[in-house]
Amino acid sequence: SFLRGMAALALLLASAASAYAFTGPAPVALRHGRAGALSQRLSMAATIPKVPFSGVSPTGPSGPTLPAPGEDLEFLEAKPYWDQSGVQVNIAKQKNPLIGKIVSVQRIVGPNAPGETCNIIIDHQGKLPYWEGQSYGVIPPGIDPKKNKPYGVRLYSIASTRYGDDKTGKTTTLCVRRATYWCPELKAEDPAKKGVCSNYLCDCKPGDEVSLTGPSGKVMLMPEDDPNMTYMMVATGTGIAPFRSFLRRLFGEGNPAGKNFKGLAWLFLGVANKDSLLYDEEFQVYLRQNPDKMRLDYALSREGPLNKKGGKMYIQDKVEEYAD
């Protein structure tokens, strides 16, 4: 069926998404004329129940936000919207990084999540502009003992729109999972094998300086000339980063794309359990405010429900539920 084919394509495009990837998955965009029947079938979006979540949600600039009355964000828009002639890449490089400052670091998963994921806001002073879908490089301090030279660049997909969560155009947001290694012999985490950069970022404090490179990678450009577009987005874990920027652009800001949008944004997100859900409170706000424009489906592999074969519910199983 058409939906089965599009769902399969979405999964293929999403397979490379991660917090470390400099290119993320492209959303599947369906023209309104071809997706009319699909949009009708998804009219039940208004009745989708809230997924229970008892973890920690971002606060401050990264908390759930809606366009303020009269908000008119256009100072970072291109005209026409697809003109990327002004989009720069690799403004800052490893030999000459930009020194940004940490604005905030906040754990955004609950106590029962397997691992720690943090929402990290960095002030780049407007000197490292980016568009949705691009990545920043971070250079952790210290010497790599394996190479006896400074650590190299680690890439992280950007989780905020070009305006940043504070809508000033001077900050960026990263969604970072702390990488650790559980040693079966020690029966404890082995600090010698932990992720250098992810632990560095998650341990940062407001005001700390961080060496940045980029922006890197291609822009993930939504076809904003068609306000009736249907977007299908598929992600697991921190691969949510670019799609979180999409949803914030569509529903959380007073930019032209959001003001004109009349289509459907459908997100599939796979995580281990409810405490592992990322940005859930924000997405639920968008869903409640835009019940005819957004759909949200979660696959919780360690909590269920089970897939139709009686196994764990992974993201591909959740997508398959909607196949004809």
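Start with the salt bridges, of which the structure holds 17; a salt bridge here is a side-chain nitrogen of Lys or Arg within 4 Å of a carboxyl oxygen of Asp or Glu. This is a predicted model, in which local features need pLDDT of at least 70 and side-chain atom pairs count only at pLDDT 80 or more, while totals for chains, interfaces and linings use all residues. Residues are numbered from 1 along each chain as its sequence is written, and side-chain values use heavy atoms, with hydrogens and water left out.

Select K259 and D72. Their side chains form a salt bridge, 3.1 Å from N to O. K259 belongs to helix α5 (residues 256-260) and D72 to the loop between α2 (32-41) and β2 (98-107), so the pair ties together parts that are 187 residues apart in sequence. Helices (H or I, at least four residues) and strands (E, at least two) are DSSP runs, numbered from the N terminus. K259 is partly exposed at 47% relative accessible area, and D72 is partly exposed at 48%. Buried means under 20% relative accessible area, exposed over 50%, and partly exposed in between (1.4 Å probe, protein chains only).

Next, select D165 and R244. Their closest N and O atoms are 3.0 Å apart in a salt bridge. D165 sits in the loop between β7 (154-157) and β8 (171-177) and R244 in helix α4 (residues 241-251), 79 residues apart. Are these two residues buried or exposed? D165 is buried, with a relative accessible area of 4%, and R244 is buried, at 0%.

Stay on α4 and select R249 with E224. This salt bridge has its closest N and O atoms 2.8 Å apart. E224 is in the loop between β11 (209-216) and β12, 25 residues from R249. R249 is buried, with a relative accessible area of 1%.

Now show α4 together with α6. The two helices pack at an angle of about 35°, with their axes 11 Å apart. Axes are lines fitted to C-alpha atoms, for helices over the stretch in contact, and angles run from 0 to 180 degrees between N-to-C directions. On the α4 side the contact is made by R244, L247, R248 and F251, and on the α6 side by E282, F283 and Y286; contact means heavy atoms within 4.5 Å.

Move to strand β13 (residues 264-271). 8 of its 8 residues are buried, so β13 is largely enclosed by the rest of the structure. L264, W266, F268 and G270 point one way, and A265, L267, L269 and V271 the other way.

Strand β12 (residues 230-236) pairs with β13 in the parallel sense over 7 bridges, where two strands pair if DSSP finds at least two bridges between them. A235 has L269 as its bridge partner in β13. Strand β14 (residues 294-300) also pairs with β13 in the parallel sense, over 7 bridges, and G270 has A299 as its bridge partner in β14.

Finish at K318, in helix α7 (residues 315-320). K318 is buried, with a relative accessible area of 10%. Leaving aside neighbours within four places in sequence, K318 is in contact with F268, D297, Y298, A299 and M313.
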